[in-house]
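Here is a friendly tour of the structure you have open. Keep the viewer at hand and follow along from the overall fold down to single residues.

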Amino acid sequence: MSDILGKWEQPAGQPFAGLWFEFKADGTFQAALESMGIFSGGTYSAVDGKLDMKQTEHTLGLLGKFEGLYAIEGDTLTMALNNPGETRPTDFKHPNTRIYKRIG
């Protein structure tokens with residue numbers, strides 16, 4: 001889980017540029033798209049390239065368990081997440097695949 005720790009932000013050119021996730025050592029995460037006033041948080045686990053996030057707070061009420069994949073190369077995090085209730089993506093060709101850059 002230690003490789004994903006820190007703060008990651010979608011760069012320009014991504015669908016939600018400016019959206020950031022911060023993964024903490026205690027197994028919690030926070031996220032925000034400040035330009036739209038959207039904030040969220042919850043718990044996560046990241047093991048062997050699989051990411052499970054239980055979002056328990058969200059400005060717009062988007063709660064639930066998001067299952068996905070993640071890969072880190074240098075300062076780049078690639079995440080592919082399902083929508084709650086859907087099956088975990090099997091690769092990074094999934095429509096919800098996003099790129100993030102380490103910012104902290």
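## The fold at a glance

Helices (H or I, at least four residues) and strands (E, at least two) are DSSP runs, numbered from the N terminus. Read that way along the sequence, the protein follows the pattern β-β-β-β-β-β-β-β, with zero helices and eight strands. The radius of gyration, taken over C-alpha atoms, is compared here with a globule rule of 2.2 Å times the number of residues to the power 0.38. For this protein it is 12 Å, close to the 13 Å that the rule gives for 104 residues, so the protein is as compact as a globular protein of that length. The C-alpha trace spans about 30 × 30 × 30 Å along its principal axes.

Before going further, please note that this is a predicted model, in which local features need pLDDT of at least 70 and side-chain atom pairs count only at pLDDT 80 or more, while totals for chains, interfaces and linings use all residues. Residues are numbered from 1 along each chain as its sequence is written, and side-chain values use heavy atoms, with hydrogens and water left out.

How do the strands come together? Two strands pair if DSSP finds at least two bridges between them. Here eight strands close into a barrel in the order S1-S2-S3-S4-S5-S6-S7-S8, with antiparallel pairing. From one strand to the next the twist averages 30°, using axes that are lines fitted to C-alpha atoms, with angles that run from 0 to 180 degrees between N-to-C directions.

S1 pairs in the antiparallel sense with strand S8 (residues 97–102) over two bridges, and Trp8 stands opposite Arg102 in S8. Four bridges join S1 to strand S2 (residues 20–23), again antiparallel, and there Glu9 stands opposite Trp20.

## Two faces of S1

In a regular strand the side chains alternate between the two faces of the sheet. In S1, Gly6 and Trp8 form a covered face, and Lys7 and Glu9 an uncovered one. What does the charged end of Lys7 sit over? It lies over the ring of Trp20, 4.1 Å from the ring's centre. The rule for such a charge is that NZ of Lys or CZ of Arg is within 6 Å of the ring centre and within 35 degrees of the ring normal.

Strand S5 (residues 50–58) and strand S6 (residues 64–73) pair in the antiparallel sense over six bridges, with Met53 opposite Phe66 in S6. Their hairpin has five residues between the strands, and Gly61 takes a positive phi near 80° there.

S6 and S7 also pair in the antiparallel sense over six bridges, and Leu69 stands opposite Ala80 in S7. This hairpin has two residues between the strands, and Gly74 takes a positive phi near 60°.

## An aromatic cluster

Rings of Phe, Tyr and Trp (its six-membered ring) pair if their centres lie within 6.5 Å; planes under 30 degrees apart count as stacked, over 60 as edge-to-face and the rest as tilted. By this rule the count comes to five aromatic pairs. Phe21 and Phe23 are stacked, at 5.9 Å centre to centre with 10° between the planes. The rings of Phe23 and Phe29 have their centres 6.4 Å apart and their planes at 40°, so that pair is tilted. Ring pairs link Phe21, Phe23, Phe29, Tyr44 and Tyr100 into a cluster.

Buried means under 20% relative accessible area, exposed over 50%, and partly exposed in between (1.4 Å probe, protein chains only). Buried residues make up 38% of the 104 residues. Phe21 and Phe23 are both buried, and Phe29 is buried as well.

Thr78 is found in strand S7 (residues 76–81) and is buried, with a relative accessible area of 16%. Contact means heavy atoms within 4.5 Å. Not counting residues up to four places away in sequence, Thr78 touches residues including Leu69, Phe92 and Ile99.

Pro89 has its place in the loop between S7 and S8. Is Pro89 buried or exposed? It is buried, with a relative accessible area of 4%. Leu69 is 20 residues from Pro89 in sequence and 6.8 Å away in space, C-alpha to C-alpha. Leaving out residues up to four places away in sequence, Pro89 touches Glu67, Gly68, Leu69, Ala80, Leu81, Asn82 and His94.
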